[in-house]
Amino acid sequence: DATFQSGIHATMAEVLVGWGPDWKVASVDPQCLAALTYAKMTGKHIDFRTPTSLRNEYKNSFVQAPWAGAAVTLPVLKVDGRVAQIGLRQVVAAWRADGHNLEAIDRHSAADGAEMLAFEALIDQTLYPATQRYLWLDELNYSKVTSKAIAAQLPFPFSFISPRGYKATSQWACDGASEDDLLIASERCLTRLEDRLGDSAYFFGDKPSLLDAVVYGYIAVLRSVEMPNPWLCAAAKSRHKLNRLCDRIEKLHFSGVARGQERAMKAAQDREISSVVKKNVEAVVVAGGAMTLFGLFIVLRVVSQ
């Protein structure tokens, strides 16, 4: 089961549905990872669930599942079993309404809020389409990494069908822009973000905001996933101040994620090795038995003559 618990005990009937962990990060999707990070930063009590962990809930109505259809948008917030909010911005707005608000006026000024919105819009226009192309439309990256990671988190038949649909809809986000154009725009965005961050703990001093969570979501995914064509990874890794921000957030909120995935991978490898050894032993036993029978046949034939 791919369920990743946020580390915060679940309360009430509120469930956040999103793409789960892989690549040594808590979610393979920047938007879902940003939502998880915002929840951690506010102390919001959530139960984070992946599509695979909810397969039984939708076994009789799978077309109503939040991940059904090509235009899937995760994260999704469910309250009392019903979809209440779709997408990062709506989810965060709902959390703010119940008092889990990093952008409250006693924490940040109105000017800070306006600047946050401007940077979030810049990210939506540059990093978002670039990341979509990097993960979904780069044929080598998609076939070798992205499609396998997403399929592993989907119940059948979505694991077979849905990644192709998600790939097709990613073309809308890129709007025909080339890899070179998206890379140039992303590098400019990252440079502006790094200049704004400077040597501060967070973008607006010592108090985190949604902008910190969003930037972490993108940088953490881009720097962690090992792609055969790493054109966007290099841009993310080269911003040392942004990476220090990500290191700080990971240490505070996700310190056990990478270790947990490494343990799971080692356990899977051990099971695979054990299975191979067992099959080899069985093959040796069968071959040995066949040789013994053949030898006995020869002896009996010689004796009978």
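These legends describe close-up views of a predicted model.

View 1. The chain runs to 305 residues, and buried residues make up 45% of them. Its accessible surface comes to about 15,800 Å². Carbon and sulfur atoms hold 57% of that surface. Take the contacts between residues at least 6 apart in sequence: 76% of these join residues at least 24 apart.

**View 2. Gln 31 sits in helix α1.** The helix covers residues 30–42. Gln 31 has a relative accessible area of 18%. Buried means under 20%, so Gln 31 counts as buried.

**View 3. Gln 31 and its contacts are shown here.** Neighbours within four places in sequence are left aside. The residues in contact with Gln 31 are then Leu 74, Pro 75, Leu 88, Arg 89, Tyr 128 and Tyr 218. With Tyr 218 there is also a polar contact, side chain to side chain, at 3.0 Å.

**View 4. Helix α2 spans residues 88–97 and has four named buried residues: Leu 88, Val 91, Val 92 and Trp 95.** Seen down the helix axis, these buried residues fall within an arc of 95°, so they line one face of α2. Leu 88, buried in α2, is also one of the contacts of Gln 31.

**View 5. Several elements cover the buried residues of α2.** Among them are the strands β1 (14–17), β3 (76–79) and β4 (82–86). Helices α1 and α8 (210–224) also take part in this cover.

Technical notes
Residues are numbered from 1 along each chain as its sequence is written. This is a predicted model: local features need pLDDT of at least 70, side-chain atom pairs count only at pLDDT 80 or more; totals for chains, interfaces and linings use all residues. Side-chain values use heavy atoms; hydrogens and water are left out. Helices (H or I, at least four residues) and strands (E, at least two) are DSSP runs, numbered from the N terminus. Buried means under 20% relative accessible area, exposed over 50%, partly exposed in between (1.4 Å probe, protein chains only). A polar contact is a pair of N or O atoms within 3.5 Å; within protein, one must be able to donate a hydrogen and the other to accept it, and residues adjacent in sequence count only if both atoms are side-chain atoms. Contact means heavy atoms within 4.5 Å. Accessible areas come from the Shrake-Rupley method with a 1.4 Å probe; for residues, only the protein chains shown count as cover. The arc is that of the directions from the helix axis to the C-beta atoms.
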